Amino acid sequence: MNKKVIKDISISALYIALLIVGSYISVPVGYIKFTLQLLVVFVIANTTSLKNGIVILTLYILMGLIGIPVFANFQGGIYYAISPTFGFVVGFYVVIIIIHLLNAKNFIQTVISFVVSLVALYIIGVAYGAFTLNILGDKGYDFHKLMMTFVVPYIPFDLLKIVAAIVVSNRINDYNKRYIHFDSIDSTNTYLKNHYKELRNLTFVSASYQSQGHGRMKRNWQSNKNENLMFSFLIKNPKLINEFSSISLVSGVAVSKVLIKLKLPNVTIKWPNDVLIDGAKIAGILSETVMQGNCFKGLILGIGINVNSNKEQLSTISDKVATA
């Protein structure tokens, strides 16, 4: 199972858990409860793919319908499908779909897409509520009473959810955009060079395999797939021009300290940019400048670590070095 699949499964499980917690945090007011479900749905829609969003919501609903008490007020079971509020749960699909179809590119567009999806959710929720109350329950709710029951009291709270969801999802998306992984690529350093302008400061790019990896003096870095750690950092800071010559030295010390903490034997540094274990090279560090015309704009720091004997250890080192 590759890293992307594992990541998608983990994120889906987390979002399902948040949906459950969001439904448990509720204040009953008539048929509708003030909950945080919609906040989580907005975040899901704005941070996952359409496919993953639909899968997450479907799993959540199925859990509730088979009897697990995941809905508001710890409710669950097939009977919940004829609850007046179930239309809002089904309407979450429309929220996710609309937000993806509108594909907002900036803050204003995001707000508009959220508001449009919220209006659509109200329409579906009111229609379903009218069906269950008036057709199945013969309650005789007119349009005004339906609106006062299902919509009007909740508008201010739902608008606050939109604001909170945008803030939270933007932070999540910002993190996701700073971490990029490729199954195969020519070179992580080259990728950062070619995409410097659109990438954010401190973007981290890793790869399972590099076809054209290189070190100092254009020396090739030969590696088999999944037997090396290969990653690069983009640092957008023109002030580093005065520190450029020492970056590789400092990076070599940082990598060696991580390896020592992981209890790897006889870690030494071969200046200026190689790390050795028992006298054999295990890591190389390549720092390259990013220039715009004649102006220094930042640097790219590439690190390659060869640990092919223990893939579990390889993964551990990757996590440690990425946060060092």
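This is a predicted model: local features need pLDDT of at least 70, side-chain atom pairs count only at pLDDT 80 or more; totals for chains, interfaces and linings use all residues.
**Stop 1**

Start with the second largest pocket. Its space comes to about 440 Å³. Select Asn46, Ala104, Thr110, Asn173 and Lys177: of the 20 lining residues, these are the closest to the pocket's centre.

Now colour by helix. Which helices each supply at least two residues of the lining? They are H2 (37–47), H4 (86–102), H5 (107–136) and H7 (155–178). H7 gives the most, with five residues. Then switch to colouring by residue class. The lining has 10 polar residues, six nonpolar and four charged.

**Stop 2**

The structure holds five salt bridges, and one of them joins Asp158 and Lys161. Show both side chains. The N to O distance is 3.2 Å. Both residues lie in H7, three residues apart, which is about one turn of the helix.

Are these two partners buried or exposed? Asp158 has a relative accessibility of 6%, so it counts as buried, the cut-off being under 20%. Lys161 is buried too, with a relative accessible area of 7%.

**Stop 3: Asp174 and Arg178**

Move along H7 and select Asp174 and Arg178. A salt bridge links them, with the closest N and O atoms 2.9 Å apart. Here the spacing is four residues, again about one turn of helix H7.

Check the accessibility of each. Asp174 is buried, at a relative accessible area of 18%. Arg178 has 26% relative accessibility and counts as partly exposed.

**Stop 4: Arg200 comes in**

The side chains of Arg200 and Asp174 meet in a salt bridge, at 2.5 Å from N to O. This pair links distant parts of the chain, 26 residues apart. Asp174 sits in helix H7. Arg200 sits in the loop between helix H8 (188–194) and strand E4 (204–207). At 34% relative accessibility, Arg200 counts as partly exposed.

**Stop 5: the network**

Finish with Asp174, Arg178 and Arg200 shown together. Which residue do the two salt bridges share? It is Asp174, paired with Arg178 and also with Arg200. Salt bridges with shared partners join the three residues into one network.

How values were computed:
Residues are numbered from 1 along each chain as its sequence is written. Side-chain values use heavy atoms; hydrogens and water are left out. On a 1 Å grid over the protein atoms alone, a cavity is a set of points where a 1.4 Å probe fits but cannot get out, and a pocket is an open set with protein on both sides within 12 Å along at least five of seven lines; lining residues have an atom within 4 Å of a point. Grid points are joined across faces, edges and corners, and a volume is the space filled by probe spheres set on the points. Ala, Val, Leu, Ile, Met, Phe, Trp, Tyr, Cys and Pro count as nonpolar, Asp, Glu, Lys and Arg as charged, and the others, Gly among them, as polar. A salt bridge is a side-chain nitrogen of Lys or Arg within 4 Å of a carboxyl oxygen of Asp or Glu. Buried means under 20% relative accessible area, exposed over 50%, partly exposed in between (1.4 Å probe, protein chains only).
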